[in-house]
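Trainee: I'd like to learn how to read helix packing. Can you walk me through it?

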Amino acid sequence: MAGILDLLNSDLGKQIVSGVAGSTGNDSNKTNSVLTMALPVLMKAMERNAATPEGAQGLLGALSGKHDGSILDNLGGLFGGGVDDSVKQDGENILGHILGSKKQGVEQVISQKSGLDAGSVANILKVAAPILMGVLGKQKKEQNVSDTSGLGGLLGGMLGGNDTKNEQSFLEKILDADGDGSIVDDVAGMVLGGSDKKSGGLGGLLGGLFGK
């Protein structure tokens, strides 16, 4: 199964990046950087939430109903003339649900690493979150996932499944950001220090971005 970062490099991903950039008034390259950093973090947060029976059932329900992948069928309509406020509100709700109190800290980390202000990052994530849920809903349908164990496999597969401990630890660190800013230095030093310059995989991609 393709991972979430493979999606960004696909034709669909390019359409999503240019649409999100246009609808939020941001540069496409910076929007791409934000999404490349943010999507694995959001996936990791979902994986954490789905580790509890209640969280898994809630996510399964959402992916079977409102977020069943149909949003991807008409991206031209979604982005044409500006993204509807209801979509952004939905995105805000999704982010609040999966990130909780960590939302601001995550936005700050990504802001400092991407060079965009936190408000722009927040806007990008608001538009991207319902699309990410749609991608998951579509994968759930295609793989016929109907229970919580299947859901865990789906999320793990899209995260890359066998990522190294450093990469997983990196995502955990961002999710534990408490918003005081120091996490940025901790993360940059710990995961992206000289010894961890790997090529390929999530680490290589994130390393390249965060190492700027």
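Mentor: Start with contact, which means heavy atoms within 4.5 Å. Helices here are DSSP runs (H or I, at least four residues), numbered from the N terminus. This is a predicted model, where local features need pLDDT of at least 70, side-chain atom pairs count only at pLDDT 80 or more, and totals for chains, interfaces and linings use all residues. Residues are numbered from 1 along each chain as its sequence is written, and side-chain values use heavy atoms, with hydrogens and water left out.

Trainee: Which residues of H4 meet H9?

Mentor: On H4 they're Ala56, Gln57, Leu59, Leu60 and Leu63; on H9, Thr148, Leu151 and Leu155. By class that's 6 nonpolar, 2 polar and no charged. (Ala, Val, Leu, Ile, Met, Phe, Trp, Tyr, Cys and Pro count as nonpolar, Asp, Glu, Lys and Arg as charged, and the others, Gly among them, as polar.)

Trainee: At what angle do the axes of H4 and H9 cross?

Mentor: Two packed helices are described by the angle and the distance between their axes. Axes are lines fitted to C-alpha atoms, for helices over the stretch in contact, with angles from 0 to 180 degrees between N-to-C directions. For H4 (residues 53–64) and H9 (residues 148–159), the axes come within 10 Å and cross at roughly 80 degrees. That makes H4 roughly perpendicular to H9 (65 to 115 degrees; under 35 is roughly parallel, over 145 roughly antiparallel, the rest oblique).

Trainee: And how do H3 and H8 cross?

Mentor: Their axes also come within 10 Å, crossing at roughly 55 degrees, so H3 and H8 are oblique to each other. Among the residues making the contact are Leu35 and Leu39 of H3 and Leu125 and Leu132 of H8.

Definitions and conventions:
Helices (H or I, at least four residues) and strands (E, at least two) are DSSP runs, numbered from the N terminus.
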